[in-house]
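Have the model open beside you as you read.

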Amino acid sequence: MSESTVEALSCQELVELVTAYLEGALSAEEHARFEQHLSGCGPCQVYVEQMRTTIRLAGRLTADAIPPEAEQELIETFRSWKRR
Amino acid sequence: MELRELDALRSGDEEAFMALVRRHQAAMIRVAQIYVSRRDVAEEVVQEAWLGAFRGLDRFEGRSSFKTWLFRIVTNLAKTRAVREGRTIPFSALRTPESVPEPAVEPERFRSWDDPRWPGHWASKPTEWPEHRLLESESLARIDEAIAALPDSQRAVITLRDVEGWSAEEVCNALELSETNQRVLLHRARSKVRGALERYFDE
């Protein structure tokens, strides 16, 4: 944990800034405060890593395959449009 | 979308069309579901949207990306349909995230603000997740469930950003969200999904 000074970020504040941090949406000053806290706080490092893991795993979810009937219906729609 | 693909589509190339369907159909249904909620209705809306897209193809000038244009058709049709069905999903709720604060982590897990030494620091720290369990199908199933349980707008944003891999800008365009609100919704969604995984690994 970092020294608790007036300007320092607390863990509770940090967890609310993780998405903005990962999106590069923090101001230069906020970004510096974020990283300053993070560099000295093991549990927050674990937390940020878990957020990254969550994002990575969500990207592995596969979209539901299109049922054959729906696919057929779409092709029919496309064909009838072609004949317009 | 490439100009070449667009030309193929205009000339009625079925392969080009089906490639497009496979790429976008799942996301189109998810976006429609924000407004109409029921899966079968969302599927109808998407069918209608494809038809609308064919009809508009010749007028599509490429000023926005094809994807943006296609999803605008979906959202417009889905909204019309929602209104017709008397579903009063407040679209404003999508633009203005709930004003009730939703903390990313339960406040009880932090020391109180008048703690003499570490105010607002972890009382109950997160612990590292077991690497070997991360990719098990059960972990992925928990993520799927957690996303399904989110409020409509949060579910839409996390699905498009993290599952479908869209950029923030694309999501803002498709859902007509400001950058800030997109980020707030994404943050709430990701935080809840992380929480669900944590509970699962702590079981």
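What span should the 19 residues of helix α4 (residues 66–84) of chain B have, and how far apart are its end C-alpha atoms? Keep in mind that this is a predicted model. At 1.5 Å a residue, α4(B) should span 27 Å, and its end C-alpha atoms are 27 Å apart, so the two agree.

In soluble globular proteins, nonpolar side chains tend to be buried together. Here the largest nonpolar core has 46 residues, and B:M28, B:V31, B:A32, B:V45, B:V46, B:A49 and B:V74 touch the most other members. The largest share of this core, ten residues, is supplied by α2(B). Take B:A32: leaving aside residues up to four places away in sequence, B:A32 touches B:A42, B:V45, B:V46, B:V74 and B:A78. There's also a second, separate core of 16 residues, with A:V15, A:Y47, A:M51 and B:V105 among them.

Finally, the place where the chains meet. The contact takes 36 residues from chain A and 42 residues from chain B. On the side of chain A that touches chain B, α4(A) gives the most, with ten residues. By class, that side of chain A has 20 nonpolar, nine polar and seven charged residues.

Notes:
Residues numbered from 1 in each chain as written. Chains lettered and ligands numbered in written order. Predicted model: local features only at pLDDT ≥ 70, side-chain atom pairs only at ≥ 80, totals over all residues. Helix = DSSP H or I, 4+ residues; strand = E, 2+ residues; numbered from the N terminus. Expected span 1.5 Å × (residues − 1). Contact = placed C-beta atoms within 7 Å. Nonpolar A, V, L, I, M, F, W, Y, C, P; charged D, E, K, R; others polar. Core = buried A, V, L, I, M, F, W, Y, C linked by C-beta atoms within 7 Å. Buried ≥ 20, exposed ≤ 12 C-beta atoms within 10 Å, placed from the backbone.
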